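User: I am new to this structure. Could you walk me through it?

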Amino acid sequence: MKRTEKLDIHPSLKKYFGYDTFRPLQEDIIHNVLDKRDTLVIMPTGGGKSLCFQIPALVFDGLTIVISPLIALMKDQVDGLNANGISASFFNSSQDPKTQQTILEQVALKTLKLLYVAPESLSFLSQILNEECISCIAVDEAHCISSWGHDFRPSYQRLGFLKETLPNTPIIALTATADKATRQDIKAQLCIPEADQFISSFDRANISLDVRVGLDRMKKIGDFVKNNSNESGIIYCLSRKTTEQVASKLKSLGHSAEAYHAGLDFIERSAVQDAFICDKIKIVCATVAFGMGIDKSNVRYVIHYNMPKNIEGYYQEIGRGGRDGLEAKAILFHSYADVIQLRKFASGAVNEKVQIAKLERMQQFSEASSCRRKILLSYFGEMLDKNCGNCDICKNPPQFVDGTVIAQKALSTLFRAKEKEAIGGIIDVLRGAQNTHVLDHGLNTLATYGIGRDLSWAHWQQYIIQLINQGFAEVAFHKNNALELTPLSHDVLFKGRQVKLTLPVDRTFVAKKTKDSKRQAKNKTNPIGLFEHLRKHRAFIAAEKNIAAYLIFNDVSLKEMEKHMPRTEQDMLNISGVGAHKMDTYGASFLTEINAYINQSNRGEKDTFSSSYKLYKEGLSVEEIAKKRELQPTTIISHLCKIYLEGKPVDLNEFVSDEEITQVKEAKEILENPVELKKYFVFLEGLIDYGKIRIALTLLEKG
Ligand code: ADP
Ligand code: ZN
């Protein structure tokens with residue numbers, strides 16, 4: 001690839017985003033764009049696509065237009081950029097003409113670096129769509145252009161005009177959809193046939209993969225959530241009704257969970273989504289309607305209550321976990337009933353054959369007995385040369401046993417039941433059940449009735465599914481899912497053919513202590529450790545400023561702060577995710593918290609907030625507490641404010657007058673809600689001290 005002169009882009013990465021190194025391919029892609037070459041980027045969700053056009057945008061002189069399908073997604077990205085001190089905005093039909101005019105003026109003055117636009121709104125931008133103003137065009141979620149893709153949007157198909165209008169402006173198209181047909185379509189329709197392609201690995205090694213039998217799943221999920229109660233997670237379900245049932249069950253167990261599905265109106269849905277993003281709701285139980293356009297980096301687990309209908313969907317959904325690169329868990333429950341249900345959905349569809357084939361691949365994945373990640377990646381055309389070590393099969397390899405007798409019992413029951421019974425009926429016969437179905441159909445008279453009492457219902461189910469997967473029996477989907485014999489079953493029944501089966505797995509989430517769980521226990525954050533402390537502090541600022549917590553610092557940054565305990569501004573700048581702008585905005589306040597935490601641990605106190613509160617309850621004044629604890633009075637006040645926000649009785653009104661609260665309120669409105677107390681202090685000309693400002697803001701926040 002020819003390159004003119006290679007600019008060092010590392011300083012921008014550090015200054016604006018606070019990162020030290022590029023992820024694989026990012027650097028090459030950025031240079032390609034800076035060389036003004038058309039570029040196609042295929043990277044999995046969470047792979048770091050955005051930086052690939054955001055850094056060039058900072059380097060280029062003019063504006064970078066980012067075409068994006070969803071207004072919600074645009075807003076998140078723009079908020080994130082602004083939080084890093086980058087001048088970015090979005091343009092759409094919901095804005096009033098005045099706002100739109102201001103944006104166009106900013107473009108003319110070249111003060112704006114990135115402008116996010118939905119394809120429908122491009123026609124309103126004709127006055128700036130020239131090569132004087134525009135330096136680069138990024139087409140995000142570019143698969144929306146292709147009718148092969150799964151999110152086809154007709155408005156994307158008109159984007160070919162961009163290359164005609166701006167022939168010398170580089171176009172960078174980005175997507176997480178890997179298939180070849182879509183790729184070709186993107187290049188053809190954007191008129192960039194010569195675009196350089198960058199395809200990154202689809203492996204998301206930080207997401208552990210776990211597949212379980214669906215039996216008793218609500219109980220298993222309940223246990224899991226209990227053990228992960230501080231974390232954010234998504235639980236995908238097949239039906240609206242299930243999302244509501246799971247959410248209400250979790251709520252009844254005391255967790256913060258809400259349902260999300262297309263049956264809710266727009267306002268209800270947005271409320272759930274916003275609350276989830278801001279960490280106000282921990283768990284969303286959703287249909288697949290949820291997720292596109294969600295850019296939340298600290299989703300720690302994604303559970304599939306039901307089996308998804310294909311591997312693409314499954315991979316995209318689990319990809320919403322662990323976007324910050326920290327450990328995340330993907331747990332899939334699958335059941336035979338799901339398969340039958342999904343087959344019903346597919347039958348009669350235009351592309352029924354394709355859908356069924358994809359469903360079968362999904363089923364094979366769920367029932368596999370070799371490394372899950374290998375199977376997934378091979379589906380996307382990528383070969384792992386060794387087992388991943390981070391899936392249930394790698395951690396707990398299945399044990400093979402001689403299953404010949406089991407197979408003979410099951411298959412001869414199929415035979416005697418005249419190949420008319422579905423799996424449930426067969427198991428009932430084997431276990432000698434006495435329900436009406438058995439008695440009405442005279443199944444209790446079959447010679448094999450009751451010969452399988454030694455095994456549980458669940459184990460029989462797993463064994464029979466294995467027999468089906470190995471071709472020893474077949475499901476007649478058009479005959480009420482009756483199990484039928486195959487040529488292979490005859491070999492087992494009449495020719496002594498041996499059958500190998502794997503022992504059923506029945507692990508729960510409160511697993512025995514394996515090496516892995518010990519390692520995790522070590523890594524698990526201490527509930528009163530610095531990470532939790534900083535997380536509380538972050539939540540406090542987020543509430544005060546009414547922004548999403550991760551826009552302040554993400555979990556990766558807080559974890560690094562816990563590990564390295566920065567004491568100075570320079571230390572702080574070495575933390576991943578702390579760029580110059582965030583240092584200015586939040587650095588000092590986090591350094592204060594870290595110092596307070598270190599002092600408190602040195603004195604052997606457990607929880608700095610509770611220590612202050614204890615003395616407050618004993619009737620000491622703020623000054624007395626400060627003296628006793630060797631802290632600043634403003635620190636004590638901030639502790640009391642946090643305790644107050646947690647709902648404990650603290651009479652904050654005793655520290656400020658109504659008049660002072662009113663003044664702070666005015667300042668807040670005029671200054672547009674800044675985080676830094678200093679701004680209020682300066683605005684109020686030093687007449688109200690920091691402690692009082694903090695208290696007034698807390699009272700205003702609580703309303
Ligand atoms: P995508 O658009 O591909 O789904 P994003 O661009 O949203 O992914 O990036 C996912 C996360 O990874 C974001 O939190 C982003 O800040 C982070 N990230 C991106 N590049 C880097 C990097 N070089 N170092 C550390 N974190 C990064
Ligand atoms: Zn594996």
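This is a predicted model: local features need pLDDT of at least 70, side-chain atom pairs count only at pLDDT 80 or more; totals for chains, interfaces and linings use all residues.

Analyst: Residues are numbered from 1 along each chain as its sequence is written, chains are lettered from A and ligands numbered from 1 in the order in which they are written, and side-chain values use heavy atoms, leaving out hydrogens and water.

User: Which domains does the assignment give?

Analyst: The protein chain has domain 1 (10-199), domain 2 (207-384), domain 3 (400-502) and domain 4 (533-702), with bounds from an automatic or database domain assignment.

User: How many residues make the contact between domain 1 and domain 2?

Analyst: Domain 1 gives 12 residues and domain 2 gives 9 residues, where contact means heavy atoms within 4.5 Å. The centres of these two domains, taken over C-alpha atoms, are 29 Å apart.

User: Now the zinc ion (ligand 2): what coordinates it?

Analyst: Cys371 (SG), Cys388 (SG), Cys391 (SG) and Cys394 (SG) do, at 2.3 to 2.4 Å; donors are N, O and S atoms within 2.8 Å of the metal (3.2 Å for Na, K and Ca), and water is not among the atoms, so sites may look incomplete.

User: How are the donor residues spaced in sequence?

Analyst: The spacing for the zinc ion (ligand 2) is C-x16-C-x2-C-x2-C.
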